[in-house]
Amino acid sequence: MLRTMFAIATIAVGVSAVVAQQDVIKQRKDLMKENGNQAKIGAAMAKGEKPFDLEAARKMFAQFEETATKVAPLWPENSIDQPTADDPYSASPKIWENMDDFKARLVKFGTDSKAAGASIKDLDSFKAAFTNIGKNHCTGCHEKYRLKKE
Amino acid sequence: MLVAAGLLVAGLAALWALTAPATVLPSPLPERTPDLDNGRTMFDIGGCASCHATPNEDREKIDRLRLGGGLALPSPFGTFYVPNISPDTKEGIGSWREADFVSALWNGTSPAGEQLYPAFPYTSYRHMRLDDVRDLFAYLKTLPPVAGRIRGHDLGFPFSIRRLIGIWKFLFLRGAPFTSVPSQSPEWNRGAYLVNAPGHCAECHSPRNILAAIIDSERFAGGPTPDGKGWVPNITPVGLQHWSKEDIAWSVKDIASFLDDGMTPSGDFVGGAMAEVVRNTTLLSPVDRNAIATYIASLPPRQGPRPPRKK
């Protein structure tokens with residue numbers, strides 16, 4: 001009886017670990033996807049395809065800042081994901097080989113986004129801030145820590 | 001028996017003549033004051049630093065002006081080790097004459113008269129105008145000398161025999177410096193030049209045949225990355241008008257701003273090898289990025305190879 005209960009408990013822990021793992025993978029992908037959605041809005045304004053809206057611009061930088069904080073704890077050991085039929089992107093093993101650098105970049109992404117949100121006041125200042133964040137944070141991290149499989 | 005031996009000698013002699021490296025003689029190069037600003041633009045769009053700068057695990061830490069070489073480029077033929085092209089007189093190109101540099105970029109020949117492997121994309125650089133090549137050389141000479149000769153390439157037989165590249169060149173090396181198309185706008189022509197000559201975009205964005213020459217009919221239609229591990233997208237309208245799952249169409253403005261900040265129209269920021277390209281194109285003038293975008297958007301639609309199925 002005790003053995004059965006022990007076995008069930010172990011299995012339950014194992015299953016919930018797997019579920020938790022799937023959970024963090026989904027959570028971080030969702031956060032990044034929302035980053036992309038916000039970036040699209042920002043880019044449309046920066047390119048003059050949409051009228052500039054200071055509130056929308058601030059919202060975008062706020063979402064970036066929030067992402068930086070929320071996504072930081074979502075990379076536990078053994079949570080390397082594989083590309084799927086729907087999503088060719090996956091986390092590179094380099095993240096876990098360089099966790100200090102990875103986490104440091106996220107912190108900087110957050111602080112720079114916060115500073116950008118506070119400093120922008122018009123289209124020109126927005127354009128400069130947006131390009132800066134894109135180049136210094138998005139591309140750099142993706143180049144090193146994200147894999148793509150076609 | 002004697003006839004067979006005679007034929008063999010004749011055959012080898014022909015092979016020797018066929019594979020002789022072509023060079024540019026110094027006499028035709030007229031006196032000229034170089035334009036170093038133009039040289040720097042050629043350096044940026046030429047992407048010299050991306051291969052020739054002393055490597056670092058962290059690409060963002062690379063000093064793109066220190067061209068000490070050493071990057072390892074894996075390929076189906078073995079591994080190439082990129083040479084030192086800093087102006088160091090002993091271990092870089094500091095003792096090269098201008099004509100030597102033109103020979104290298106136009107004909108793929110070294111000052112010692114050896115064939116250069118087309119991993120160095122002289123197949124594209126040969127379309128560069130003479131003055132641009134000369135300006136680029138002058139600019140390179142202003143960069144810091146870096147000591148250190150890089151090891152030779154690690155290639156399997158028979159690819160290790162340099163002379164045989166002469167046959168490859170005979171089969172595949174074509175074309176001359178770019179000439180403008182009068183029916184097209186100056187902006188289009190500038191873009192066509194930047195893309196096809198110094199930009200050498202087709203070298204990655206095209207599929208290659210079994211001897212690693214670009215399949216002309218599918219130029220820009222995508223193909224495997226040079227190391228064979230990834231995929232480079234189709235940038236003709238077949239690719240750019242139907243981008244990703246969302247089937248997005250890139251506008252000229254989208255292409256131009258992408259070359260500045262690496263952002264696709266889906267709000268995604270590119271990683272991989274293209275991030276390195278954007279690191280170079282972001283240094284160009286907005287006019288030049290616009291020109292490139294105008295040309296790319298005008299490419300004839302071409303169906304390329306399909307990427308291998310996901311497992």
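# Close-up views of a predicted two-chain model

**View 1. B:Trp231 is partly exposed.** B:Trp231 has 18 other C-beta atoms within 10 Å. The classes are set by counting other C-beta atoms, placed from the backbone, within 10 Å of a residue's own: 20 or more is buried, 12 or fewer is exposed, and anything in between is partly exposed. B:Trp231 belongs to strand 5 of chain B, residues 231–232. Helices and strands are DSSP runs numbered from the N terminus; a helix is H or I with at least four residues, a strand is E with at least two. B:His205 lies 26 residues from B:Trp231 in sequence, and their C-alpha atoms are 9.0 Å apart in space.

Reading notes for every view follow. The model is predicted: local features need pLDDT of at least 70, side-chain atom pairs count only at pLDDT 80 or more, and totals for chains, interfaces and linings use all residues. Residues are numbered from 1 along each chain as its sequence is written, while chains are lettered from A and ligands numbered from 1 in the order in which they are written.

**View 2. Chain B has 13 helices and 5 strands.** The radius of gyration of chain B is 20 Å, close to the 19 Å from the globule rule for 311 residues, so chain B is as compact as a globular protein of that length. That radius is taken over C-alpha atoms, and the rule is 2.2 Å times the number of residues to the power 0.38. The C-alpha trace of chain B spans about 70 × 50 × 45 Å along its principal axes. Of its 311 residues, 37% are buried. Among contacts in chain B with a separation of 6 or more, 63% link residues 24 or more positions apart. A contact means that two C-beta atoms, placed from the backbone, lie within 7 Å. The mean pLDDT of chain B is 92, and 98% of the residues score at least 70. pLDDT is the predictor's confidence in each residue, from 0 to 100.

**View 3. Domain 1 of chain B meets domain 2 of chain B.** Domain 1 covers 20–172 and domain 2 covers 186–297. These bounds come from an automatic or database domain assignment. The two domain centres, taken over C-alpha atoms, are 23 Å apart. At the boundary, 19 residues of domain 1 are in contact with 18 residues of domain 2. On the domain 1 side, two or more residues come from each of helix 2 (36–46), strand 1 (72–75), helix 5 (122–125) and helix 7 (165–172) of chain B. Helix 2 of chain B supplies the largest share, 5 residues. This side holds 10 nonpolar, 7 polar and 2 charged residues. Nonpolar means Ala, Val, Leu, Ile, Met, Phe, Trp, Tyr, Cys and Pro; charged means Asp, Glu, Lys and Arg; the others, Gly among them, are polar.

**View 4. Chain A has 5 helices and 2 strands.** From the N terminus on, the order is α-α-β-α-α-α-β. The radius of gyration of chain A is 19 Å, well over the 15 Å that the globule rule gives for 150 residues, so chain A is more spread out than a compact globule. Its C-alpha trace spans about 70 × 30 × 30 Å along the principal axes. Buried residues make up 25% of the 150.

**View 5. Chain A touches chain B.** Here 20 residues of chain A are in contact with 22 residues of chain B. On the chain A side, helix 1 (2–46), helix 5 (123–145) and strand 2 (146–148) each give two or more residues. Helix 5 of chain A gives the most, with 8 residues. The chain A side divides into 5 nonpolar, 7 polar and 8 charged residues. For the complex, the predictor gives an ipTM of 0.80 and a pTM of 0.89.

**View 6. The largest nonpolar core has 75 residues.** Such a core is a set of buried Ala, Val, Leu, Ile, Met, Phe, Trp, Tyr and Cys residues joined through C-beta atoms within 7 Å. B:Leu105, B:Ile255, B:Ile292 and B:Ile296 touch the most other members. Helix 5 of chain A gives the most to this core, with 7 residues. Leaving aside neighbours within four places in sequence, B:Ile255 is in contact with B:Trp250, B:Ala293, B:Ile296 and B:Ala297.

**View 7. Helix 12 of chain B has buried residues.** Helix 12 runs over residues 272–281, and its buried residues are B:Met274, B:Ala275, B:Val278, B:Arg279 and B:Thr281. Their cover includes helix 5 of chain A, along with helix 11 (252–261) and helix 13 (286–297) of chain B.
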